[in-house]
Amino acid sequence: DDTGNRLRFQLELEFVQCLANPNYLNFLAQRGYFKDKAFVNYLKYLLYWKEPEYARYLKYPQCLHMLELLQYEHFRKELVNAQCAKFIDEQQILHWQHYSRKRMRLQQALAEQQQQNNTSVK
């Protein structure tokens, strides 16, 4: 029914987005979830979130990259190590910082260009 489908959608959306958090992945790995075949199959099932009609609901798109990496046994095994999770966390922060700076520079350049266009039109 619609209520059940909506609830399932919300739960799966929330869970998929949690996969963007390397510390949560480390938590799951340390508790043996990634050794459970049923859980690994569930992660495979969740790949449907990569489809545009579902991905548009995600606030943390990096979760899709983590979901993809979780398909590999070697990656799942490495997540038991807290240093691995810390490294991923640091890399995400560096990416966000670079993206934010780059976006700000692009916005400033666009604003300057618009200002020049406005002054040359007058």
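1. Helix α1 covers residues 2-18, and its 17 residues should span 24 Å at 1.5 Å a residue; the end C-alpha atoms are 24 Å apart, which agrees. The expected span is 1.5 Å times one less than the number of residues. Helices here are DSSP runs (H or I, at least four residues), numbered from the N terminus.

2. This is a predicted model, in which local features need pLDDT of at least 70 and side-chain atom pairs count only at pLDDT 80 or more, while totals for chains, interfaces and linings use all residues. Residues are numbered from 1 along each chain as its sequence is written, and side-chain values use heavy atoms, with hydrogens and water left out.

3. In α1, the buried residues are E12, L13, F15, V16 and Q17, where buried means under 20% relative accessible area (1.4 Å probe, protein chains only). These residues pack against α2 (22-30), α3 (37-45) and α5 (62-69).

4. The axes of α1 and α3 cross at roughly 100° and come within 12 Å. Helix α1 is therefore roughly perpendicular to α3, a term for angles of 65 to 115 degrees. Axes are lines fitted to C-alpha atoms, for helices over the stretch in contact, and angles run from 0 to 180 degrees between N-to-C directions. On the α1 side, R8, E12 and F15 make the contact, and on the α3 side F39, Y42, L43 and Y45; contact means heavy atoms within 4.5 Å.

5. E12 belongs to helix α1 and is buried, with a relative accessible area of 6%. Leaving aside residues up to four places away in sequence, E12 touches Y42, Y45, L46, Y48 and W49.

Terms used: Helix = DSSP H or I, 4+ residues; strand = E, 2+ residues; numbered from the N terminus. Buried < 20%, exposed > 50% of the residue type's maximum accessible area, 1.4 Å probe, protein only. Parallel < 35°, antiparallel > 145°, perpendicular 65-115°, else oblique.
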